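Please open the structure in the viewer and keep the selection tool at hand.

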Amino acid sequence: MRIDVISLFPEFVAQCAAFGVVGRAGERGLLTMHGWNPRDYAEGNYRRVDERPFGGGPGMVMLIDPLRAAIAAARAADPAPARLIYLSPQGARLDQAKVRELAGHERLILLCGRYEGVDERLIRAEVDEELSIGDYVLSGGELAAAVVVDAVARLQDGALGDAESAVQDSFEDGLLDCPHYTRPVEHELGSVPQVLMSGNHARIAQWRRQQSLGRTWQRRPDLLNEAALSKADRKLLEAYRAELAA
Ligand SMILES: Nc1nonc1C(=O)NCc1ccc(Cl)cc1
């Protein structure tokens, strides 16, 4: 997968992708990233990339042409078609289903805004999809772009080692993750649940599933669509609730 980032701070997002699993995906050629700075395409002595907003009000708005030229340069750098994503609080909420869909694209172009916004005409002409990573305001789209890069990179085939890809991530099946334990068995902070030392893999898998169901019900009932649960899942959740009530 190729990801091009349009940003006044292109190195920012590249740095975020330089570590750990994502960095390894890059080293393995599973992911290539390129940064494009609109300022390199800005005209005039001051190479302006922003201007005051029509209608008045605080802050500045990013100009159309430097962004448009940077996007054109990114598109021209590789013949493969690209989906252009604009990161902003006005976008649709990013979730794992959306991440999985994005991870399937050959190319993404991530447009990172700064200041108060981007001229709406550029958004309407160039943006395929506007995405938000959450209902809060950051100082620019770069951190949101880095989140998208991380989430899609780890889904590239070969990005995760066997140990990691065995991990049933939260949200992969729409549930929260189960609790995890490692040595020592006994600690002043408590003991490891006995079932995890039983060596009975079917029982361990069942316990983990029950914990995921129970935690989702307790912490994120909005994620739990009980109707979509299997009979076995509903029984496990019932037992979890009964244990709590006891
Ligand atoms: N929340 C979010 N989810 O995605 N992006 C955000 C966010 O706050 N961006 C800040 C931002 C976005 C565009 C411009 Cl022009 C300026 C600042």
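**A tour from a loop to the ligand**

Begin by selecting P184, which lies in the loop between α7 (162-165) and β9 (186-187). The model on display is a predicted one. Show the backbone of R183 together with P184: the peptide bond that joins them is cis, with omega at about 5°.

Next, move to R47, in the loop between β2 (32-36) and β3 (50-51). R47 is not a glycine, yet its phi is positive, near 45°.

**The ligand and its shell**

Now select the ligand and display the residues around it. The shell comprises 19 residues, and R114, I133, G134, Y136 and L138 are the closest of them. By class, eleven residues of this shell are nonpolar, seven are polar and one is charged.

- Select S88: one of its backbone N or O atoms lies 3.3 Å from a nitrogen atom of the ligand.
- Select I133, where a backbone N or O atom is found 2.9 Å from a ligand nitrogen atom.

Colour the secondary structure elements next. Those that give two or more residues to the shell around the ligand are β5 (83-93), β7 (117-118) and β8 (129-132). Among the elements, β5 gives the most to this shell, namely four residues.

**The largest pocket**

Hide the ligand and consider the space that it takes: this space is the largest pocket. The pocket holds about 440 Å³ of space. Select its lining, which consists of 25 residues; Y86, L87, S88, P89 and Q90 lie nearest the centre of the pocket. S88 was already selected above for its backbone atom 3.3 Å from a ligand nitrogen atom.

Which elements give two or more residues to the lining of the largest pocket? They are β5, β7, α5 (120-126) and β8. Here β5 again gives the most, with five residues. Colouring the lining by class shows twelve nonpolar, nine polar and four charged residues.

Key:
Residues numbered from 1 in each chain as written. Predicted model: local features only at pLDDT ≥ 70, side-chain atom pairs only at ≥ 80, totals over all residues. Heavy atoms only, no water. Near = heavy atom within 4 Å. Polar contact = N/O pair within 3.5 Å; in protein donor to acceptor, adjacent residues only side chain to side chain. 1 Å grid on protein atoms, 1.4 Å probe; cavity = no way out; pocket = protein on both sides within 12 Å on 5 of 7 lines; lining within 4 Å. Sits in = over half its atoms within 2 Å of the grid points. Nonpolar A, V, L, I, M, F, W, Y, C, P; charged D, E, K, R; others polar. Points joined across faces, edges and corners; volume = space filled by probe spheres on them.
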